[in-house]
Structure formats: C-alpha cells, structure tokens
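Please open the model in the viewer and keep the selection tool at hand. The tour moves from one selection to the next.

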Amino acid sequence: MSIIPSMLPDFRVRQRDYLLEISRLLTEELDLEKLLARILRVSIEMLAGQAGLIALKQPDGWRVSAAHGIAPAFLSYLTPLLAEEKVRELDVRELNRMLKELTYTASMGLLNGTGLPLAAHGQVIGVIFIFRNYADLFTPNDRTLLQSFADQAAIAVFNAQLYGQVSYEKQRLAALLESAADGILILDANLDIERCNGAFEKLFGQTREEITGKNHSSIIKWKKEPQGRTLEESVAGNWPLTPNATLYVEGDLARPAPPPLPVGITYAPLLSEEGKLRNVILSVRDISHFRTADEIKATFISIVSHELRTPVALIKGYASTLRRDDAKWDKHTISDSLAVIEEEADRLSKMIDDLLDASRLQAGGLSLNHADVAIPSLALRVSERFASQSPKHRIITDFPANFPVILGDENRLEQVVSNLVSNSLKYAPNGEIKISGSVRPEQVIICVSDEGPGIEAKDLPHIFDRFYRSTNAVKQTKGAGLGLYLTRAIVEAHGGRIWADASTGASGARICFSLPR
C-alpha cells in the first residue's frame, strides 16, 4: 500500500505526457489493432497495473479486442462469456462489476480491477479494464483525470473504427466496380477520368493505366453522330440542373482496334452541397445484342412480308383467273390451277405454323406429349409422303432391325424428320435422300443425308439460328429460315442435340440428331 501516495503525485505529473501520447495516437495511428495495443500499454503503465484488456461493444455483444498479461485460460473463459445473451445489454457499470467479481474469483482475492468506459459522441463504445494488486484508492480528482484519458482514448478508437469502416466501404466499392458487367468510368469536375473498371478495359481494348487521367472526350469518341446529346454538349448547356438529371447517349464507340462497338452510356452526376458538379459516373453497356435483335426483327418483317406475299399473290391470281366471266376453262386447266392454289395454301399454312411455333419458343418453350415412338416407322411414313411429291429424288430409310422404341412426342419428331427431308429436297436437285439410324448405349442417332452441294463451312455455325439463310439459299429457294431453328428446339426439348457435317461437293449434306434411349 506504500506505493499509492508516491504513485498518485507521479500520476498527476505524467498525466500530461499520457494525454499527449493519446493525442499523437489520434493523428498518427489509424490501424485499430495497433491503436488498441498502444492504448492498453499506456493504460497499464499509468494505473500501475499488471495486466489489462479492452472490450469493444459490437452489435451482437461485447468482444475482447486487445489483451495484455492475461492468462490464456482466463481469456478463453472470458471471451464466450462476454458474448452471452444476458451480457450483451449490460452497461459499463454492470460490466465492470462482473469483471471485478471474475477477477477476484480467478485470483483468489489477491487482485483487483479498475474499468474505464470508452465513450465517444455520446455513445459507449467499449471499456478498458486494468488488473492490479492494490486497492482502489483513487480520489474523485484522480478519476476525473483518468476519465479524460479514457475520453481521449475513446476518440482515438472511434476514429480508427471510422477509418476501418471507410476502408471497408472503399474495398466494397472497388469490388462492386470490378464485378460489374458494364463498363464504369468515374470523372472529376473537369471531366477527366479518375477511375475505370475491368469491364471497360475489355470493352475499350486498353489498360486502365492508358485510360485513367485522360479527358472524357479523348476516350469516348463516336464513329458517327450518336443518338442523344453528348456529355460535352450537355455540360455546355448547364447540365445537370438537378442531382438526379441522368443523361443517356447511344451510338457506335470508336476503339483503338476496330470494329466500333455499339454502346449505350448513362451519365449520373454527383453534386456538392452547393450544387456544383463534383463527379460524373458513367455506365457503359454493350448493346450489340440489342442491335442484333433489332436487325433480326427487321429481317423477320422483311422475310415474312415477302414469303407471305408470294403464296397469297399466287392464290389470288389463280382464283381471279378462274372466276373470269369472259373465259371458259377446261377441266385440266381448272385442275392444275386448283392444285397450285392448294399447294400455295399448304405452304402458307406451314409458314404460319412455323411462325406460331417460333413465337411459342420465345414465350417459354414447346410443350411435348410423351409416348412410345418407333422411329423407323415414322421415317418410313415421311419418306412415302415426300416420295410422291418429288419424282426426281429417291427417298430411302436404313435402320437396324433392333432399333429401340424411344420416349418422345411423335408429332414433333415427325416434324423434325420432315423438316430435314424437306431441306434436302430444296437444296439437292436430284439423287438419293437417306434417312438412317444407329444405336448407342445411351442414345439413338438419326441422320438425313442427300447428294446435293452440301453445306459450306462458313454457314455451319449459323444454320440452326432463327431466320438464318445462306447466300445460295436466298437465291435458289423460298423460306423464312425457321425450319432448322424449330428442328433444333424440338430435339433439345427431348434432351438431345443436333449437328451438321461439314461436307461439300458430291458427298452432299448430312444433318444428324441424337435422342436419349
């Protein structure tokens, strides 16, 4: 006990030094772990303690964030105790009382403890608890000085926590920018690029080091006049007048390596409290697929308009001719005219069915009615039907005797085989068309081959795309480019796949598809 009188005057003399050190910590140290360790060291030295800990209040309870001179067994007991439900709502006085009782019990009454609350901005954020081997004889003035030290320490801890939170938010923002699929650029008030993400690097074709620091106008260059006012034109017209005045521009972005890229750019302003422009956030989206969709739509309208007009014109022409009052037609002429009308009506009906099927696919897929299907019988039925329509071709089927019955939609599978045979009739002027099958352990394979010119290698990746027709097909045959698209959809709906062999010349075309057994 004799050390107390000499310790207290020394404490008063050194108080200024302690407070100065904490002040230095406020400005020098923002790493929370290092800061807590230094505060704890100063606290133990100032209170002539032997050990100590700092517990910070978390949303889910108290947590020991720093400790010195404490036996691992005691600390391992204390850590889960502070996290208990009943302890989470304790205030500092109750927490101190609990820690003192634990200290007295754990040390057989030989040690005592003193706790100082850490409060910043009106909130208790933690407590410093110092373990020592003498009685608590501090005067009210001593406690006031000690609390001022704790207040300084609390501000240091609060600032470090705030810095940690800001660092975390910065890391989260960086992760968000890098994970974004769209290109992101951040401009300063002079429209110079402060930051760019990886997605924009890929879109533009340069590294962020080459992009950052340059002015917006030197990076965002349009190949031709864009749709909408450019950023520079808008800023010259006093954009933005309000914080949420976003700007959208769409066009072809010129890049270091051609071709230009179709993009849509959204500009979002960030204003100061005085309403001055501080930053502009750019979201750059690749709209190539939207452009492709528009082109497909235009192609669809063009093809359908042309393909529907032809049979309608033929039907109307023959019907009008037969109805003429100034002419008399013999039975042969009438029969031939009606045959043309019937053929064109069938073609019109098939095209409408294909369009409806394509529409169903876009709306969510085709519905299948599964039952047992004998593919050889189905193929024979298709071959007999088409053989009567084209005497220039010889349509044969070739299936092994043990070809298994599969589970599928017979009508849809017949549509698949019919589409493939119909294609062979269109593109092979004559010769043999074969429908063949083979058996594998887990699937069956059906192929349709002909002796026509075959499929060019450049067309192979696209022949199953919607509305796609090769240059030769457009010149030589009629169609909307939906047959193989629907064929692939039906096969894939059955769990199979479809492909075409790259063959040219006399070998002809060969398209195969697989179906699970």
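Select helix 2 and colour its buried residues: L35, L36, I39, L40, V42, S43, I44 and M46. Buried denotes under 20% relative accessible area, exposed over 50% and partly exposed in between, with a 1.4 Å probe and protein chains only. The model is predicted: local features need pLDDT of at least 70 and side-chain atom pairs pLDDT 80 or more, whereas totals for chains, interfaces and linings use all residues. Residues are numbered from 1 along each chain as its sequence is written, and side-chain values use heavy atoms, without hydrogens and water.

Next, select the end C-alpha atoms of helix 2 (residues 32–46), which are 21 Å apart; this agrees with the 21 Å that its 15 residues should span at 1.5 Å a residue, the expected span being 1.5 Å times one less than the number of residues. Then select A48, which follows helix 2 and has a positive phi, near 55 degrees.

Move on to helix 13 (residues 375–387) and helix 14 (residues 410–427), whose axes come within 10 Å and cross at roughly 45 degrees. Axes are lines fitted to C-alpha atoms, for helices over the stretch in contact, with angles from 0 to 180 degrees between N-to-C directions. The two helices are therefore oblique to each other; angles under 35 degrees count as roughly parallel, over 145 as roughly antiparallel, 65 to 115 as roughly perpendicular and the rest as oblique.

Finally, display the contact (heavy atoms within 4.5 Å): I375, L378, R381, V382, R385 and F386 of helix 13 meet residues of helix 14 including E410, L413 and V417.

Conventions: Helix = DSSP H or I, 4+ residues; strand = E, 2+ residues; numbered from the N terminus.
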